[in-house]
Amino acid sequence: MEYTLMILLLPLVSFVLLGLSGNKLSHKTSGMIGTGSLLMVALLSFYAAGEYFTTQKVDAIFQTLVPLNVPWLNMGANLHIDMGILLDPLSVMMLVVISTVSLMVHIYSLGYMKGEKGFQRYYAFLSLFTFSMLGLVLSTNIFQMYIFWELVGVSSYLLIGFYYTKPSAVAAAKKAFIVTRFADMFFLIGILVLSYYTQTFDFGTLTSGNGAVFQQAISTQFLGASALVWAMALIFIGGAGKSAMFPLHIWLPDAMEGPTPVSALIHAATMVVAGVYLVARLFPVYVLFTPQVLEGIAYVGAFTSMFAAVIAIVQTDIKRVLAFSTISQIGFMMVALGVSKFDGHEGLGYMASLFHLFTHAMFKALLFLGAGSVIHAVHSNEMENMGGLRKKMPITHLTFLTACLAIAGIPPFSGFFSKDEILSATYQYNTGLGIWMTLVAGLTAFYMFRLYYSIFWGKEKQHAHPLHESPKSMTFPLIFLAIPTLLGGFIPFGQLVTADRAPYTIHMDWLVAVISVVVALEAIFIASKLYQHPKKPATVPSGLKGFHKAASHRFYVDEVYLFVTKKILFNGISRAFAWFDRHVVDGFINGLATATDWFSIRIRGFQSGEIAWYAWVFLFGTLLITVLILFI
Amino acid sequence: MTEQIIFYLLAIVVTVFSILAVTSKRIVRSATYLLFVLLATAGLYMLLGYYFLFAVQVSVYAGGIMVLFIMAIFLTHKPGNNVSIKQGWRVRLSLLLSVAGLLLCGEIILNNTIGIVRFAGKEEPTMQQIGTAMLGTGKQQYLLSFEMMSILLLACIVGAILIARKTKTEKNEPNETEL
Amino acid sequence: MGELLINNTGVPVLAYQLVSLIMFFAGIYGFFTRRNLMMILISVELILNAADINFAVFNRYLYPGEMEGMFFALFTIAIAACETAVAIAIIINVYRNFGNAEVDNLKKMKG
């Protein structure tokens, strides 16, 4: 299956082509180049997935394929960094997700970004991002993954800051880059610690379940935990940064400053699930050798999902609602991974998490693209400027409703199946956690339908120009993505992607399913009461006013960050460093300069340009040396 | 004995006129004194038995170079002007260093040449010997140097013409003294 | 001192040496003190001449059967001729640009 290399190279070629010659191409040509190459990538990915899942099964277990692996950097006797392509159920599934969503975003952008300045640049960046993301999931070793991980960070920085004339976009891009970079620092340290003790970067060796590899890492103790626990926890922090887990989630809502299709691509389907992918990729290590870290992951995920869901309820910017919803849903995936065990029926959580990753990518991309379509029509992100759009924009309305039902977990939409698996896995693990996650699911249904009713129902607002349905290039992706959103739940996911690679038949846990559906319906009912035909603006119960205010300020996490960075870091520590820099470091250099200056003014006379004087000095020196040689 | 008398006569001429040449205030006189020094040097060569060298010294130095000198002096010198000498302290410093160097080198020569007084006859090299040596390629023969010298002379002629040539732009440009 | 300068076999090498030495340092003195470029050139010629005498004298006194010293002197004379030609060309150029041939004009050499 060497042709999978093409999947990587096509977006890269498209990026180089558009990046170098974009200015000379027309908008149409450059859009066609980007979309065309992505279409090829998507077709190749589908073909690869089809071939992989049908042929690479030996004794009912999927085999890991490495069609290509080139040693790249040798760093010692055992340690070397390779560049290669890894195919296993996880990476093939991710290939399909990324290329599908990316293709849809490419097509959608043809309409959404039409006539924008920097259209070619936009497509170049999209190609770069797709390339890095595909490279990330196809990496054969953790260091190659890290390289692409950083590339993903850079390209998302470029895309978020696409409207670089807008200060808020620039600030958001910077924030996203710095926060994820901060997390990546821990990731890198984790990689280095891990590879130092295990002498390998290779995923195949790391995830083989062979305890001998980790012998040294487990036996080395540091601050009350083994080196392996530290390494895996640090690696998870890297993943948490990209996946916007609390408290590193602050960049994601701001990143909505980028163009909406970018939000769909980066902040729904691909980049933010990189953390989930990372944990899933190293899942055997987590589950077999560091279960305590995995437990931590579960609780981080559970807290984040509740936290983000609560904030999502009170946001008024529709993209922010979706952003917090994304954080919450990724929390779901993390929880599912955290509560999972390795094999058989115990490995339900792993399967459920990736199943949810798959369905969530589809319906969240659909939601973002739908929101983009609405924003394209209304020219605003705020809910209060919308309302009653269901007649004007029927396609957007229907597809958006599909996605809302999916994320709320109503059967037979795809979200129901994946969320139900997650909830069952959670109940198996711990009933309290299960109830907590069911509540989050209910909140999800509530805020999604609040959003839905606010946009498409209620009173029509006055607009500067008549509203109309978006062009075909934008509605086609909506309709296309609605198909997996509707039917994705019927994919026999347990047969394809499981922790131990062995097929697993999904059994519906009917009790859990009924409870979650009832909770979701109840939430939708409340939302429709409140927002479907609002006679008067929904008031907040007086006891919850303070809570409401805190939630709409996102529980002041950003303020805490600002306090820590500005007041403590900048004022306290940085000032001391600045003083040291100005007075000691600079002082030393300035001192050198002053000394040179002083000295050179005094010896300047030697360079008078007078030949006679030069000759005099020369002769004097010659005679002096002669005297010294002869008489001393 | 005759030889010694001639030598001392020449030595006095060389010494006196070299010093006069570098101290005279009139540049034309300096050039003339230099001519005397060069001719006396030629005499020294003859005394040593190097007749060919004598001929070259007289024709090239005293003849060619001195003519060039005189012409250049007339070209670059306004008649009646004395050539100035630098400030006093510079002269004293230079005098000091020159005398010191003279004494030092004299001391070295005295110490090292006392034994070498033998004068092994005056077999002067014949013109045939000189010609063979100059145009041969064997050991102690100098064809390569000779050819190098001819190229150097050629380069020198070209260079001199190039440097001294008046360019068109130069005529138009105001020269720096006028600025 | 007397027998050093005059002995039976002719003129001792030391006498020649002293002559060339005085000529050499006279040239150096002139080089240091004069301002006019032509005077400097005259001083340089003196220095070169002093060196020539040394070549010839050492050849004659130490290796009378060979001709290296003489050829060295010959080539030095040729080089002196070249050097004089180029130097005079430069001096004329300087005179043309500055209106005189003083070495102080050439301080532009300073960086």
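A:Ser305 counts as buried because 29 C-beta neighbours lie inside 10 Å. A residue is called buried if 20 or more other C-beta atoms lie within 10 Å of its own, exposed if 12 or fewer, and partly exposed in between, with C-beta atoms placed from the backbone. A:Ser305 sits in helix H14 (residues 291-314) of chain A. Helices here are DSSP runs of H or I with at least four residues, strands are runs of E with at least two, and both are numbered from the N terminus.

This is a predicted model, in which local features need pLDDT of at least 70, side-chain atom pairs count only at pLDDT 80 or more, and totals for chains, interfaces and linings use all residues. Residues are numbered from 1 along each chain as its sequence is written, while chains are lettered from A and ligands numbered from 1 in the order in which they are written.

What is A:Ser305 in contact with, leaving aside its neighbours within four places in sequence? The partners are A:Ser328, A:Gly331, A:Phe332, A:Val335 and A:Val440. Two residues are in contact if their C-beta atoms, placed from the backbone, lie within 7 Å. A:Phe324 is 19 residues away from A:Ser305 along the chain, and their C-alpha atoms are separated by 8.8 Å.

Stay in chain A and turn to a helix pair. Two packed helices are described by the angle between their axes and the distance between the axes. Helix H11 (residues 260-269) of chain A packs against helix H15 (residues 318-339) of chain A at an angle of about 10 degrees, and their axes are 11 Å apart. Axes are lines fitted to C-alpha atoms, for helices over the stretch in contact, and angles run from 0 to 180 degrees between N-to-C directions. H11(A) and H15(A) are therefore roughly parallel to each other. That label covers angles under 35 degrees; over 145 is roughly antiparallel, 65 to 115 roughly perpendicular, and the rest oblique. From H11(A) come A:Thr260, A:Ser263, A:His267 and A:Ala268, which meet A:Lys319, A:Ala323 and A:Thr326 in H15(A). By class, the residues of this contact are 2 nonpolar, 4 polar and 1 charged. Nonpolar means Ala, Val, Leu, Ile, Met, Phe, Trp, Tyr, Cys and Pro; charged means Asp, Glu, Lys and Arg; the others, Gly among them, are polar.

Helix H4 (residues 119-138) of chain A can be checked by length. At 1.5 Å a residue, its 20 residues should span 28 Å, and the end C-alpha atoms are 29 Å apart, which agrees. The expected span is 1.5 Å times one less than the number of residues. H4(A) is mostly covered, with 19 of its 20 residues buried.

Two loop residues of chain A come next. Most residues other than glycine have a negative phi, and most peptide bonds are trans. A:Gln199 has a positive phi, near 60 degrees. A:Gln199 lies in the loop between helix H6 (167-198) and helix H7 (203-206) of chain A. A:Ala244 also has a positive phi near 60 degrees. Its loop runs between helix H9 (227-242) and helix H10 (251-254) of chain A. Which of these residues is buried, and which is partly exposed? A:Gln199 is partly exposed, with 14 other C-beta atoms within 10 Å. A:Ala244 is buried, with 29.

Now chain B. It has 7 helices and 0 strands. Of its 179 residues, 25% count as buried. Among its contacts between residues at least 6 apart in sequence, 44% join residues at least 24 apart.

How many residues of chain B touch chain A? There are 5, in contact with 6 residues of chain A. The chain B side has 3 nonpolar, 2 polar and no charged residues. The contact with chain C takes 72 residues from chain B and 67 residues from chain C. H3(B) gives the most to the chain B side, with 12 residues. That side divides into 45 nonpolar, 21 polar and 6 charged residues.

Last comes confidence. pLDDT is the predictor's confidence in each residue, from 0 to 100. Chain B has a mean pLDDT of 82, and 82% of its residues reach 70 or more. Among its elements, helix H7 (residues 168-172) has the lowest mean (53) and helix H2 (residues 27-48) the highest (91). Over residues 173-179 of chain B, pLDDT stays under 50. Chain C also has a mean pLDDT of 82, with 86% of its residues at 70 or more. Over residues 1-6 of chain C the pLDDT is below 50. Where pLDDT is low, the predicted coordinates should not be read in detail. The predictor gives the complex an ipTM of 0.86 and a pTM of 0.64.
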